[in-house]
Amino acid sequence: VARLCVIVCASIRGAEVREMSKIGFGLSLFSREFLDDIDTQAFRDNSKQLDDFMRGDFSSMDEELAEAFPTGQDMHERYVLFAHRVAHEQATLYRQPPRREWSGVNEAQREKLEEIWASSKVNEQLHQAHLRLVLQQTMVLAFLPLHPRQYSLMHFAPHECAVQPATGQNWRDIEQAQEVQLLWPVATLDERVFYGRAIVTADSAYIDGGQGVGRASLFAGQNEGNPYGRPPLYTMRAVDPQLGRFFAPIAEDVLALNIALNLGDSDIEANLHHQAWGQKVIETDGEMAPTQMMVDELPVGPNRIMVLPVAGAKYRIVQPQPAIAPYIAAQEFRIKTAATMRDISPSRFSKANTAQTGAARAADSQDRKESRDQYKKILIAAERWMLRQVIETARIYGDPVQIPESARLEAIHYHEHEPAADPQAIAQAHALTDATGETSPIERVALRLNISREQAAARIAANIEEQKALGLVESDNNLPM
């Protein structure tokens, strides 16, 4: 790179949640050349539109429909939850609470960490962050203290923040950034939320509420100072950003296809509306033809008797056949192709009653595992950063129960159990592997419930005792010697 230029365009004004797209702040980024043509506003607009689609908000489709069909005045907006479905198919790690293993802490410190994670709703918030990460491909996390036993975990998409990166080799690290601006709630009125900006640097952190609201310190008792000495933020990226940009590209393929599917549904409905209704026709085989007045005065209705106006006339209804089958097939083909490219089984979108071969099921399972493994690394690293944040916060604010620097989040065990597609075949396979010692019921219960092997063994023993008490199995006293 011959020369670098830091382009900073950040100007946030308070606005309502439903008008966030009008907030006027751009994305700070590196430029490889002074004349790089980077449309940051278009990137932010696409980021917000994709975020809206994931949440089921299609208010931006009116402009898309008017642009695609300028003369379609009577076309109605119809929506397909494609982005929503893609995100929920791939963000599965926190659907059920994971099990965490801590080390380097005593029992009191472990209880404190567990209480912080529970009271801060870490599982729920990381699930939402994971959903957005699938489509945005870059998410900024903030884990800020509310009190010693509770934190606020917030996540920001590219359209909700602006970053002026550090120069040199640390340009990807948000904790080394020169300045970060976050979309921050500053006021409420009725059911509306107004936003300003939180501005964070290495030595300052304050909230700028804009005109009429003023400024306030982001951290209580710090007089707009930053006690961390760095922006206390973390960046999750599903892919590497392009050279010249801090944020990775969003999932443009999902956005474009969701728009196409929405427009396609609107177009199909319009075709059906204009072409599928029956056309009434009167045929005559002679020289006499009915006048328009005769036709208009025909008694048409369920309780009326129709008398054709001229001799030899025939009355029938012509039923058109709109050519929508190829249209629907093209829509389905697009969905299947997009699903395959994203390691998602196309059958998860159609759910037709068609048999799937064992090889296809194995390939689907492998694809899901690879996708989960990719996100596991990202989210485990994020949780370990959150632990470092708790350790530093406890030291800064003098918490009575300090978390030592030796504390580690050794592992996170996510729920891996998948319901069997063929329970009978699986039961037979387990009987064989149990007999050879390759597997055991304890292992399967631990996997299904996401608990430790000791807990699984205790659960199995308790279940057997219950069955003996109910007489479902023979007790030890009745067993033959």
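Reading surface, salt bridges and strands

Tutor: Leu470, Leu472 and Val473 form a nonpolar patch on the surface, and together they have about 310 Å² of accessible area. This is a predicted model.

Student: Where is Leu472 placed?

Tutor: Leu472 sits in the segment that follows helix H13 (453-469).

Student: Does Leu472 count as buried or exposed, and why?

Tutor: The cut-off for exposed is over 50% relative accessible area. Leu472 has 62% relative accessibility, so this residue counts as exposed.

Student: Which residue meets Arg132 in a salt bridge?

Tutor: The partner of Arg132 is Asp51, with 2.5 Å from N to O. This pair links distant parts of the chain, since Arg132 belongs to helix H5 (residues 122-136) and Asp51 to helix H1 (residues 40-55), 81 residues apart.

Student: Are Arg132 and Asp51 buried or exposed?

Tutor: Buried means under 20% relative accessible area. Arg132 has 3%, so Arg132 is buried. Asp51 has a relative accessibility of 1%, so Asp51 counts as buried too.

Student: Which residue forms a salt bridge with Arg100?

Tutor: Glu383 does, and the closest N and O atoms are 2.7 Å apart.

Student: What does Lys112 pair with?

Tutor: The side chain of Lys112 meets that of Asp399 in a salt bridge, 2.4 Å from N to O. Here too distant parts of the chain are linked: Lys112 lies in helix H4 (residues 107-119), and Asp399 in the loop between H10 and strand S14 (408-413), 287 residues apart. Lys112 has 1% relative accessibility and therefore counts as buried. Asp399, at 11%, counts as buried as well.

Student: Let us turn to strands. How do the side chains of a regular strand lie relative to the faces of the sheet?

Tutor: In a regular strand they alternate between the two faces of the sheet. For pairing between strands, take S4 (residues 138-147) and S5 (residues 150-156), which run antiparallel and are joined by 7 bridges. A hairpin of 2 residues connects S4 to S5. Within this pairing, Val140 stands opposite Phe156 in S5.

Student: What is the order of strands in the open sheet of 5 strands?

Tutor: The order is S6-S7-S8-S9-S10, with antiparallel pairing. Strand S6 (161-164) and strand S10 (215-217) stand at the edges and have a single partner strand each, so one side of each is left without a neighbour in the sheet. From one strand to the next, the twist averages 30 degrees.

Student: How many bridges pair S9 with S10?

Tutor: Strand S9 (residues 205-208) pairs with S10 in the antiparallel sense over 3 bridges. Across this pairing, Tyr206 stands opposite Ser217 in S10.

Key
Residues are numbered from 1 along each chain as its sequence is written. This is a predicted model: local features need pLDDT of at least 70, side-chain atom pairs count only at pLDDT 80 or more; totals for chains, interfaces and linings use all residues. Side-chain values use heavy atoms; hydrogens and water are left out. Two strands pair if DSSP finds at least two bridges between them. Helices (H or I, at least four residues) and strands (E, at least two) are DSSP runs, numbered from the N terminus. A salt bridge is a side-chain nitrogen of Lys or Arg within 4 Å of a carboxyl oxygen of Asp or Glu. Buried means under 20% relative accessible area, exposed over 50%, partly exposed in between (1.4 Å probe, protein chains only). Axes are lines fitted to C-alpha atoms, for helices over the stretch in contact, and angles run from 0 to 180 degrees between N-to-C directions. Patches are made of residues with over 30% relative accessible area and no salt bridge: like charges are joined within 9 Å, nonpolar side chains (Val, Leu, Ile, Met, Phe, Trp, Tyr) within 5 Å. Accessible areas come from the Shrake-Rupley method with a 1.4 Å probe; for residues, only the protein chains shown count as cover.
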